[in-house]
Amino acid sequence: MRTALEPTGPSWRCNLCGNIFASQLSIHGDTTCPACGNLIWPSLIESREAQNACKVLLDVGATIGFDTISKAWKIELTSNSAIDDALEPILQLDRVCELMISNADFGDDHLEALRSLHRLEVLSLSNTDITNRALSTIQHFLQLQVLDLSLTAVNERGLIQLNKLSQIWSLDLDSTHVDCLMSEHDWLQNIELLVLSNHKSS
Ligand SMILES: [Zn+2]
């Protein structure tokens, strides 16, 4: 476990794009947002818990954003090698709506540790080590709308567990072990964008 849980500086939120970053402000309280490049007067992350969580996540190389409309966090951990250090701070943030993890050593047990993220609306696990067992965790994310399982080992049998996820409208199954989708999956009727073995249908 890293010692970065000791906060060494505040985390700020860009008022324009929602990006979370740690940076020194000028004497006037302004700075340039590292994500959108605009000159901004950022907002301080209010809660101490969220400050600490943001600090750790930024330290391990995560990109963090905050959706000011839904008041929810967006976290991206692409090609990240510090997944184990990122799980605990993710759980300390209230209302995570978007989690993008791809090209990482992230498996079924990692996702099981994040099973309390009931507010997830967007989840990408592309090119991770997950299997059908992860789908038994995903089936509890009832607000999920966008799911990317491309380049993973999931197959047709595992998808049966997703039949309660009626809000999903985008599903990426490119380069998985899913060869065909059986029409008895009722929930598939709500899907507007489906990617399956390089064939896109909408
Ligand atoms: Zn910005």
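Author: Let's start with a crossing: helices α1 and α2 cross in the left-handed sense. Left-handed is the word when the near helix is turned anticlockwise from the far one by less than a right angle; clockwise would be right-handed. This is a predicted model, where local features need pLDDT of at least 70, side-chain atom pairs count only at pLDDT 80 or more, and totals for chains, interfaces and linings use all residues. Residues are numbered from 1 along each chain as its sequence is written.

Reader: What makes α1 roughly antiparallel to α2?

Author: Their packing angle is about 155 degrees, and their axes are 9 Å apart. The axes are lines fitted to C-alpha atoms, for helices over the stretch in contact, and angles run from 0 to 180 degrees between N-to-C directions. Angles under 35 degrees count as roughly parallel, over 145 as roughly antiparallel, 65 to 115 as roughly perpendicular and the rest as oblique. So α1 is roughly antiparallel to α2.

Reader: Which residues of α1 and α2 meet?

Author: From α1 come E49, A53, V56 and L57, and from α2 come D85, A86, P89 and Q92. Contact here is counted when C-beta atoms, placed from the backbone, lie within 7 Å.

Reader: How do you know what span to expect for α1?

Author: Take 1.5 Å times one less than the number of residues. With 12 residues (48–59), α1 reaches 17 Å from first C-alpha to last, close to the expected 16 Å. Just after α1, G61 has a positive phi of about 95 degrees.

Reader: Which residues are buried in α1, and what covers them?

Author: A50, A53, C54, K55, V56 and L57 are buried. Their cover includes β2, β6, β7 and α2.

Reader: Why is T131 called partly exposed?

Author: T131 has 15 other C-beta atoms within 10 Å. T131 sits in the loop between β9 and α4. Beyond neighbours within four places in sequence, its contacts are D108, A153 and V154.

Conventions:
Helix = DSSP H or I, 4+ residues; strand = E, 2+ residues; numbered from the N terminus. Buried ≥ 20, exposed ≤ 12 C-beta atoms within 10 Å, placed from the backbone. Contact = placed C-beta atoms within 7 Å.
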